[in-house]
Amino acid sequence: PQSFRLQDLVFLDSESIFVMPSAFNDDVQYGLQVSRPTNLYALKALQLRERVFQWIGRAKASRKERQKEIDSSLSREAPQPDGAAPGDMESPSGVASFASLSQWYEHARTVWQTLSMCGTDLLQFRTMRQVLMAQQLQEFCDALVQKHIEQKMTAESEALIERHTKELRSAHAAGDVQVIDNAFRGKLDALRDATVQEMQYEFDEFVKAHSTKFTDDQVKSDKRFSLMGPMRRKYASIDSLWRTSVHLALEQRSMDHLFDEISARVTDLLLEQGASVNVQNVERVFEEKWSQVMAEALQKQKPNLQRVVEEVVWHFNAALSNLKSQFRKAHIFHGVKALSVHEVGTNVEVCASFLLSKKGVGDALVPPKVPGLAANAKTQVDNLWIKLVDSMRLEVDQRGQMSDATALKILNRLNSEMESGDQLRQIMHRVGSSFVHRVYIEIAKATMHYRFQIEQQNFQARISEVLGKKQQKLWEIQARVDSGKREVHCAKVWAKTFVDTLDAHFKSAVGKMAQEIVSHMSNIMTNPANACDMAIERSFTKRNWRHVVMYAIDPTQYLFMEFHKEWEMFKAGLVDEYCQELKNSFGTCLRLSETRLRDLLESGDLEATPEMTMNRLSQQLMESCSSLADESLASVLRSCLPSFGADSDWTLNNLAQFVQFASVELQRYRANMRVTEQTVERRMEVEIARQKANCWKSICGCTARCPGCGTKCNLELENHWPERPHECRRHLYPAFNGWQKQEGRKPFLLHCRAKAQWQIARTRPPIEPGGPERYWDNFQEMLEDEHPDWLDPLTRGPLPTMEPLEDYEEDATAAPEEIQREIEENRRAWANCKDALLEHFTSMADDQDIEWLERFKREGGALGAEDFASIRDELFAVTPLESLDILDNAVSMEDALAEELR
């Protein structure tokens, strides 16, 4: 046969992997990945196809030759050409070929593995010789950058900055700062030009010395020009540091100029105006000028995250390009694309990086459900991330500065960790270069985040330093004023002490008002027992059926609702009256004090007193206020005028100056009456909330409910057991507490103290699901078993207020009138409230066969099932727990108020 199949020539293993070049070249433009077709794949495919056809032709010729040899003689061997070995044949094109397709495949695979390390740079070269030449030149360029930029230029630039920064500190004017800035920039430009010349000279000498090796002019030109990239980035970094120093110097000059201006103004005022000087005017001018200086400083020195992002992108891309040229050492980066600013994301996304993360990084970076990954592969990624972040923190200095070398060290750490970790290599094998690309992006974002944090910390430290200088200078200015006019300080102290004393007085008055409300409540609810009786009276006795339902739901909450209503009703009128009176009194006291001070000065009484001191001034003012028609105001002023100790009772040398400035201070406090009014109202709210909580604690008492009828315990303390058992004076039908007959789930309408009620067996649901139902032969046994705190601890029997009596039986005829009335109230309450209560006790059935039901049911007044929801909402509109929350908020408000008054 004259036809051949490829399977007849070579054997191809079905499990083998055959590598061919990519048919597309991927790239990133404007943040988007694009693919372009290349001719490399088609070229290689055509070459392989041509080679297969050559093998088929050679196979045909070989078969014909062997057939001729067989026909002539089986023992005769075919002669070999001289100097030729079997299998060394020339193809028709004159190119050396291989003996088999397997041999070609082995050779092609080796060559392709080497070429694939060039990554996206493969198409930049025409031959492997150019690849190796470019790599060697890149390594030499890296050495030049490390020597001249990272070492020599860095050291010289730091010394240059330090020397000129000292000159900036000694500069006295903005013009001097500008001169120093120009000199620095000239020297920095000279340093840059000299460094570039040295690098280019050494590069040219190296290429010249190896002229036979480096023959491609384009490659040499590209590598020579690439030296400018690190230089530009280094120059920008140094320039940024210097700009910061210049801004600080200009800021210092602005502050010094401001302080000199204010100091000169204070001196002029003291010399020209004398006693008429107003310190507040000086302080106001200082604050206005200071605001301008501070705004300018904030604008110039505020950290700029976008600038940090751009610088980090520059450095990381430069380091990535460097590593891509080292395809034998860092081949994992050859599939990683250069980082763009748009790919980083928004400022919020940068500040949400994995910088502080210790766990969860592997979950974010490794795709889910990757086959063949070890169980702890993501944990290994977490460990890798911790090492990378530690390396990054170590390399970035405390000023937040970094360089190409810093980014290169971080990526080299990533490369070494990936090469040394079996599981990380497995992830790389399974996921591909996209994993390294994602790690590359995230460590770049973490670096941006860390650098921005450092800049923010440095910025805050600088602001604190500037504010400290401001306060120091302000104190100096105040001291200068106070040294010239001592009475200014005396007037401030006197007025402030007076206002504080007034404030304390009115705070005490607020407490008295709250005590008045407490006294009113005590007349209504003297103790827990009285409060419980009042609750029964307002519900059952007064036939308020809505309140009856509330009492049955929760007697303690019902009692609090009534307490809350009484409290708020009485407080409403009292607070308005007291609040307005206190507000008016506070402002009137300040106005009267100011007026009396001026009157005393004009009348000459102050001047007539020898060696006038602050206490003597208060004494004369007190005597003057005694003649006021309003005795209450006179009493407040006499008790609140300031008094000082011997060490603070300063002598007043200039009474006119003192009175004038004291009047200004009092006017300032009066002008701030809106805050004062809010202060009075807030303090009332705080004190009333506190007194209300304390009053409720004394009225509430024990919250336990009778196990039978559900009435509230009358005792004052909650933790009175075992010294004293629970006790309540009034009992109801157990149906009001949800008790039901076992047959038909009908309400249990026997009085809680009826003997029949105590003899009936009791059952309750099991404690645990699936457990036995709890059973007792009578009510006494149930109390002994589950509620011993309702029995006498000595006799184990019921208390006199709870023991069963014949008079409480439903058919008792000789019962006292009081008991008959109590039973009648229970019947009437049940007849009118049962429909609403059945909505609360959902398992209870209605009993229409009760003979007295219709007799006690009031036409048009009985509650319906639809009334229950509104009753429940009204009952729980305000709870004791919410009142405690209000008290906590009120205490916090009082703390804030105290801070405000300081």
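Biologist: How many salt bridges does the structure hold?
Modeller: The structure holds 33 salt bridges, each a side-chain nitrogen of Lys or Arg within 4 Å of a carboxyl oxygen of Asp or Glu. This is a predicted model, where local features need pLDDT of at least 70, side-chain atom pairs count only at pLDDT 80 or more, and totals for chains, interfaces and linings use all residues. Residues are numbered from 1 along each chain as its sequence is written, and side-chain values use heavy atoms, leaving out hydrogens and water.

Biologist: Thanks! Which residue forms a salt bridge with Glu825?
Modeller: That's Arg730, with the closest N and O atoms 2.7 Å apart. Glu825 lies in helix H28 and Arg730 in the loop between H25 and H26, so the pair ties together parts that are 95 residues apart in sequence. Helices here are DSSP runs (H or I, at least four residues), numbered from the N terminus.

Biologist: Are Glu825 and Arg730 buried or exposed?
Modeller: Both Glu825 and Arg730 are buried, meaning under 20% relative accessible area; exposed is over 50% and partly exposed in between (1.4 Å probe, protein chains only).

Biologist: And which residues are linked in a network of salt bridges?
Modeller: Arg307, Glu311, Arg451 and Glu455 are linked that way.

Biologist: New topic: what does the side chain of Arg538 make a polar contact with?
Modeller: The side chain of Glu566, at 2.9 Å. A polar contact is a pair of N or O atoms within 3.5 Å; within protein, one must be able to donate a hydrogen and the other to accept it, and residues adjacent in sequence count only if both atoms are side-chain atoms. Arg538 sits in helix H18 (residues 528-541).

Conventions. Helices (H or I, at least four residues) and strands (E, at least two) are DSSP runs, numbered from the N terminus.
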